[in-house]
Amino acid sequence: MKLNGKVAWVVGASSGIGAAVARELVCRGATVAISARRKEQLQDVAGGDMLILPADVTDAAAIADAAARVRQELGPIDLAVLSAGYWKQMDPADWDTEVFDQHIRVNLTGMSNSIAAVLPDMLRRHHGVIAGIASVAGYRGLAGSEAYGATKAAQINMLESLRVHIARTRVHVITICPGFVRTDLTTGNPFPMPFIIDADQAARSICDGLERERTEIVFPTRMALLMKTARLVPARVWTAVWARTSLT
């Protein structure tokens, strides 16, 4: 799809990949609305060039109201980029069910709420793109990523299931799986992050993929190849490899 002239709504745009994508969309000629919990940060991202609609993805009614405001003030939504995310490393010795549940509320239920806010109207119009940002962390189980990886794997499956379910409509569902990106979520990670890139570079890769109408957008290339290959590794071998870094 050509982004120039399109109405785009970026959910989870107060920082990180979502903020960078919103700015990149404006640069490519789109009319952009942005949502997240933090109004002040949204204002910094918008710079006077975007419609600001504060909303929490875990609140289905608030997200639905925000989508309605986009349609009312900017017109029908051509593109919804669903970028809201939560990440906290898990400690098996002190398993925190609240942290796990928060991953589900933001990453999985939040994406579901956002889809519900835009999909019915897109189906009625036979037009629209839903681009959900998951992660390569959803491809295989990674130490410390029990909660985050589980929700990212669920996002990948949910987006693919929706894509095949509505394949005969003109509504397209795109799965975006970044590798490591420098954002507030990754700041302070106590482990190596191979092939890490800046958020602006991630935004360019995403928008390039959208314009090329990719079904799946995975980047950076080396991380994509690594994790795609990892999916083929037998479970026993995968466990043995990671056992070197596991708890004793």
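In this predicted model, strand 5 (residues 128–133) runs parallel to strand 6 (residues 171–178), and the two pair over 6 bridges. Strands here are DSSP runs of E of at least two residues, and helices are runs of H or I of at least four residues, both numbered from the N terminus; two strands pair if DSSP finds at least two bridges between them. Within this pairing, Ala131 has Ile174 of strand 6 as its bridge partner.

The chain has 8 helices and 9 strands. Its radius of gyration is 18 Å, close to the 18 Å that the globule rule gives for 248 residues, so the chain is as compact as a globular protein of that length; the radius is taken over C-alpha atoms, and the rule is 2.2 Å times the number of residues to the power 0.38. The C-alpha trace spans about 55 × 40 × 30 Å along its principal axes. Of the contacts between residues at least 6 apart in sequence, 65% join residues at least 24 apart.

Residues are numbered from 1 along each chain as its sequence is written, and side-chain values use heavy atoms, with hydrogens and water left out. Local features need pLDDT of at least 70 and side-chain atom pairs count only at pLDDT 80 or more, whereas totals for chains, interfaces and linings use all residues.

Turning to the aromatic side chains, the count comes to 2 aromatic pairs. Rings of Phe, Tyr and Trp (its six-membered ring) pair if their centres lie within 6.5 Å, with planes under 30 degrees apart counted as stacked, over 60 as edge-to-face and the rest as tilted. Trp87 and Tyr148 make an edge-to-face pair, 5.3 Å centre to centre and with 75° between the planes. Because Trp87 lies in the loop between strand 4 (79–82) and helix 4 (97–125) and Tyr148 in helix 5 (residues 146–165), the pair ties together parts that are 61 residues apart in sequence. Trp87 and Tyr148 are both buried, that is, under 20% relative accessible area, with exposed being over 50% and partly exposed in between (1.4 Å probe, protein chains only). Across the 248 residues of the chain, 47% count as buried.

The whole structure holds 7 salt bridges, each a side-chain nitrogen of Lys or Arg within 4 Å of a carboxyl oxygen of Asp or Glu. In one of them, Arg28 meets Asp208, with the closest N and O atoms 2.8 Å apart. Since Arg28 sits in the loop between helix 1 (16–27) and strand 2 (31–35) and Asp208 in helix 6 (residues 199–211), the pair ties together parts that are 180 residues apart in sequence. Arg28 is buried at 18% relative accessibility, while Asp208 is partly exposed at 28%. A network of salt bridges links Glu24, Arg28, Asp208 and Glu211.

Terms used:
Contact = heavy atoms within 4.5 Å.
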